[in-house]
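Here is a short briefing on a protein model and its ligand. Look at the sequence and structure, then read the points below.

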Amino acid sequence: MKSIVIYSSRTGNTKQVAEAIVEVLPEGTACVPVNEAPADLTAYDVVFMGFWADQGNADKAAQTVLKRLDNEQVALFATLGVPPMLPHAKDTMVAATALLPKGQTPVGTFMCQGKVDPKVIEMMYKIFPEGHPHGRSSERDERHRQGASHPDATDLAKAAAFAKEVLAKLG
Ligand SMILES: Cc1cc2nc3c(=O)[nH]c(=O)nc-3n(C[C@H](O)[C@H](O)[C@H](O)COP(=O)(O)O)c2cc1C
């Protein structure tokens, strides 16, 4: 079973998750940033593809790989600003999955919260007025405060368990 981990990460959250995943895959499994993704992925039985959420979908760099990922077995993972049980998280994974060129159902998916770049938070608060869904509010502030510690050790342990489950499923 030959696998590869490809990830897109702007501020390091998704990279951390990718590294937790590759740690439990067979020794020597490649773990590469999206700009180093091999042009030809046919040699891999399963591709673990990671992205960060950008406007309710996979980020643009990850999208270019997702759109050409025609392997039968694909496992998707992501980090995002909101807790993974929220509908927005699920919708984001659905949107990213819809980019797969053969309509594949991923063999597994994993999401966890990832701290949002403080510069981006500041910028959003400047652009959007208080009261706007993206503007400053006590709820938003609290979410960012709570998100600041993610991905944490529990998230990374869950990511590793996800990768093991995928391998077990594929035998
Ligand atoms: C431009 C931009 C857009 C984002 N859009 C979303 C979004 O739609 N939904 C969400 O939950 N998080 C969103 N986030 C938060 C990131 O997905 C989150 O912080 C992620 O963990 C960043 O991963 P990275 O450190 O691997 O780059 C956005 C962040 C940025 C910078």
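**The ligand and its contacts**

The side chain of Ser9 has an N or O atom 2.6 Å from an oxygen atom of the ligand, a polar contact (a pair of N or O atoms within 3.5 Å). Taken alone, the ligand exposes 640 Å², and the protein buries 85% of that (Shrake-Rupley areas, 1.4 Å probe). This is a predicted model, in which local features need pLDDT of at least 70 and side-chain atom pairs count only at pLDDT 80 or more, while totals for chains, interfaces and linings use all residues. Residues are numbered from 1 along each chain as its sequence is written, and side-chain values use heavy atoms, leaving out hydrogens and water.

**Around the ligand**

- The shell holds 20 residues, and Ser9, Arg10, Thr11, Thr14 and Thr79 come nearest (a residue is near if one of its heavy atoms lies within 4 Å).
- By class, the shell has 6 nonpolar, 11 polar and 3 charged residues (Asp, Glu, Lys and Arg count as charged; Ala, Val, Leu, Ile, Met, Phe, Trp, Tyr, Cys and Pro as nonpolar; the others, Gly among them, as polar).
- At least two shell residues come from each of α1 (13-23), β3 (46-54) and β5 (73-80) (DSSP runs, with helices of at least four residues and strands of at least two, numbered from the N terminus).
- β3 gives the most, with 3 residues.
- A polar backbone atom of Lys115 lies 2.9 Å from an oxygen atom of the ligand.

**Gln55**

- A backbone N or O atom of Gln55 is 2.9 Å from an oxygen atom of the ligand.
- Gln55 sits in the loop between β3 and β4 (57-58).
- Gln55 is not a glycine, yet its phi is positive, about 50°.
- Most residues other than glycine have a negative phi, and most peptide bonds are trans.

**A cis peptide bond**

- His150 and Pro151 are joined by a cis peptide bond, with omega about -5°.
- Pro151 lies in the loop between α5 (138-147) and α6 (153-170).

**Salt bridges**

- The structure has 5 salt bridges (a side-chain nitrogen of Lys or Arg within 4 Å of a carboxyl oxygen of Asp or Glu).
- One of them pairs Lys15 with Glu19, with the closest N and O atoms 3.7 Å apart.
- Both Lys15 and Glu19 belong to helix α1, 4 residues apart, about one turn of the helix.

Technical notes. A polar contact is a pair of N or O atoms within 3.5 Å; within protein, one must be able to donate a hydrogen and the other to accept it, and residues adjacent in sequence count only if both atoms are side-chain atoms.
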